[in-house]
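Please open the structure in the viewer and keep the selection panel at hand.

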Amino acid sequence: EDVPADKRFYAGGGGTIRGYKYQSVGVLEDGDPVGGDSMITVSFELRAQMTRTVGAAVFLDGGNAYRESVPDLEEPLFWGAGFGIRYFLKFAPLRADIAFPLDRRDDIDPSYQLYFSLGQAF
C-alpha cells in the first residue's frame, strides 16, 4: 500500500501478456487495476521472414501481477496466444498482432485484442 501507483507492476497488453487489455491482469479492485508489488511474465515468439519486407510471427505470452512483493506461485499465470504480421521498415518492423486470452474471465476480458506497434515485442 505504501508503493505509489506509478511504481507498481501491471500486466496485460502488448508489452506483457497479449490477448488481455492493457494492465488488466493482476490485482483488480472493483474491476480496476491497482498494480502489484511483484510480477512474473514469460513470452515465446517464433518469427519468420517471408520476403525482404514481410514476416510473420506466432506467440504465447503468460504472466500475472501479485499484491505482495514475493509472487504467490499458488495463483495461476494468465496465458494469451496469437499471431501477427510484420512489415520491415529500414529502422524497425511495423507489427500487427491479434491475440486471444486463453484464461478469459467473464465480464472482464474480450474474446480477442488487436495490437499495432513499431519495433519488436521484446
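What percentage of the 122 residues of the chain count as buried? The figure is 35%. The coordinates belong to a predicted model, and each value quoted along the way is computed from them.

**Whole chain**

Display the chain as a cartoon and colour it by secondary structure. Seven strands and zero helices make up the secondary structure, and from the N terminus on the order reads β-β-β-β-β-β-β. Among contacts between residues at least 6 apart in sequence, 55% join residues that are at least 24 apart.

Next, switch to a surface. The chain exposes about 7600 Å², of which carbon and sulfur atoms supply 57%. Colouring by charge brings up 12 positive and 18 negative side chains; the centres of these two sets are 15 Å apart.

**Tyr20 and Phe78**

Which parts of the chain does the pair tie together? Tyr20 belongs to the segment before strand S1 (28-29), whereas Phe78 lies in strand S5 (residues 78-88), so the pair links parts that are 58 residues apart in sequence. Both Tyr20 and Phe78 are buried.

**Arg18 and Phe59**

Now select Arg18 together with Phe59. The charged end of Arg18 sits over the ring of Phe59, at 3.7 Å from the ring centre.

The last stops concern the backbone. Select Gln23, found in the segment before S1. Although Gln23 is not a glycine, its phi is positive, at about 65°. Is Gln23 partly exposed or buried? Its relative accessibility is 22%, so Gln23 counts as partly exposed; the cut-off for buried is under 20%.

Proceed to Asp30, in the loop between S1 and strand S2 (32-33). Asp30 is not a glycine either, and its phi is positive, at about 55°. At 81% relative accessibility, Asp30 counts as exposed, the cut-off for that class being over 50%.

Terms used:
Residues numbered from 1 in each chain as written. Predicted model: local features only at pLDDT ≥ 70, side-chain atom pairs only at ≥ 80, totals over all residues. Heavy atoms only, no water. Helix = DSSP H or I, 4+ residues; strand = E, 2+ residues; numbered from the N terminus. Buried < 20%, exposed > 50% of the residue type's maximum accessible area, 1.4 Å probe, protein only. Contact = heavy atoms within 4.5 Å. Areas by Shrake-Rupley, 256 points an atom, 1.4 Å probe, with all protein chains shown as cover. Lys, Arg positive; Asp, Glu negative; His and termini not counted. Charge placed at Lys NZ, Arg CZ, Asp CG, Glu CD. Lys NZ or Arg CZ within 6 Å of the ring centre and 35° of its normal.
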